[in-house]
Amino acid sequence: MATRKRTPSVCIGIVYREHTEKAIQAAIEVTNWLRERKHSVYTLPDQKLVPNTKLLKTPQAWKKISLIVVLGGDGTYLRAASYIHGRKIPVIGFNMGSLGFLTNFSADQVFPTLEKTLLGEMELHPRILLEASIYKNQKKIKTFLALNDIVIERGSFSHLINTAIYSEKFFVSQVKADGLIIATPTGSTAYNLAAGGPLIYPDSKAIVMTPIAPHSLNSRPIIFPEDRAMSFKLEGKETRAHFIVDGQHKIEISNENEVVIEKSNQFHWVVRSPSHNFFHLLREKLKFGDRT
């Protein structure tokens, strides 16, 4: 009888969708499965502690983590990515619902896929991150990392926002709209797509900017090279808007702020199958090209 290859004990973090019974049960079962194999399991912050795990809260504990398991949807995955904050920790996502580009493994694949991952039989694929900095009086006051997108939108404010856009030091245009989406190739299948932006192959060295419900039909999505910094400034006295990072962090900005967005030097690492096919994923998740 062939014996199962043993893997070295590692520390693994779990993020799960707290309001879904299926995800809660999966978190418990995954924890038990990992502990049976002598791995240490941690619950990531801001969640109810999964039984038989420790809360991951100190920098020392973060340094031990070799893998993060996401049990939920893409929103849960993005929450995990925001905790990682550029650390080189691979993430594997299992979709507990139906649609999910980041959580592209199905719930019934959890244990065989984890087995292959821990045996080193899966691929680690880098995805670009956006680094978004907010300035006031030429002084940097906040910096964020985004895996999917940065959104500048009017939110609950009544008027459309008028935004001046620059690429490096070159003026691009001024867009009057509900807002703007600045997305990575990873994020091109999310809000960007819903707003009429293009699908971008994940390995493309590009960043897309898509207006949200623009006032003028001449305002169209633009694809920029990833090595060019972009900057954005609200026009008009006392203009305010919401600045949103991956749907996870939201702050208010005004015409006194400048937003600078560029590709980060850090990457996000996705666990994926060696047979991964982006076009198959599009057909499966979006019914891409389906004529019926």
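**Entry 1: ground rules.** I call a residue buried when its relative accessible area is under 20%, exposed when it is over 50%, and partly exposed in between, using a 1.4 Å probe and protein chains only. This is a predicted model, so I noted that local features need pLDDT of at least 70 and side-chain atom pairs count only at pLDDT 80 or more, while totals for chains, interfaces and linings use all residues. Residues are numbered from 1 along each chain as its sequence is written, and side-chain values use heavy atoms, with hydrogens and water left out.

**Entry 2: salt bridges.** I started with charged pairs. Side chains of opposite charge can pair when their charged atoms come close. For a salt bridge I need a side-chain nitrogen of Lys or Arg within 4 Å of a carboxyl oxygen of Asp or Glu. How many salt bridges does the structure hold? I found six.

I looked up Arg37 and Glu115 and found their side chains meeting in a salt bridge, 3.8 Å from N to O. Arg37 sits in the loop between helix H1 (21-36) and strand S2 (40-43), and Glu115 is in helix H4 (residues 110-118), so this pair ties together parts that are 78 residues apart in sequence. (Helices are DSSP runs of H or I with at least four residues, strands are runs of E with at least two, and both are numbered from the N terminus.) Are these two buried or exposed? Arg37 is buried, at 19% relative accessible area, and Glu115 is buried, at 18%.

Next I looked up Glu123 and Arg272, whose side chains meet in a salt bridge of 3.4 Å, N to O. This pair links distant parts of the chain, with Glu123 in strand S7 and Arg272 in strand S18 (residues 257-272), 149 residues apart. Glu123 counts as partly exposed at 31% relative accessibility, whereas Arg272 counts as buried at 15%.

I also checked Glu252 and Arg240, which form a salt bridge of 3.5 Å, N to O. Glu252 lies in strand S17 (residues 249-254) and Arg240 in strand S16 (residues 240-245), so the pair ties together parts that are 12 residues apart in sequence. Glu252 is partly exposed at 46%, and Arg240 is partly exposed at 40%. I then noted that salt bridges with shared partners join Glu36, Arg37 and Glu115 into one network.

**Entry 3: the nonpolar core.** In soluble globular proteins, nonpolar side chains tend to be buried together. My rule for a nonpolar core is a set of buried Ala, Val, Leu, Ile, Met, Phe, Trp, Tyr and Cys residues joined through side-chain atoms within 4.5 Å. Which residues of the largest nonpolar core touch the most other members? Among its 26 residues, they are Ile152, Ile182, Phe232 and Phe243. Strand S7 supplies the largest share of this core, four residues.

A 1 Å grid over the protein atoms alone gives the terms here: a cavity is a set of points where a 1.4 Å probe fits but cannot get out, a pocket is an open set with protein on both sides within 12 Å along at least five of seven lines, and lining residues have an atom within 4 Å of a point. Grid points are joined across faces, edges and corners, and a volume is the space filled by probe spheres set on the points.

My search of the whole structure found four cavities of 30 Å³ or more. The largest cavity has a volume of about 90 Å³, and its lining includes Phe101, Arg127, His276 and Leu281.

The largest pocket has a volume of about 330 Å³. Of the 17 residues lining this pocket, Asn104, Phe105, Gln109, Leu281 and Glu284 are the closest to its centre. Helix H6 (278-286) gives the most to the pocket lining, with four residues.

**Entry 4: two backbone angles.** Most residues other than glycine have a negative phi. His85 is not a glycine, yet I found a positive phi of about 50 degrees there. His85 is in the loop between helix H3 (74-84) and strand S5 (91-95). Asn137, also not a glycine, has a positive phi of about 55 degrees, and Asn137 counts as exposed at 69% relative accessibility.
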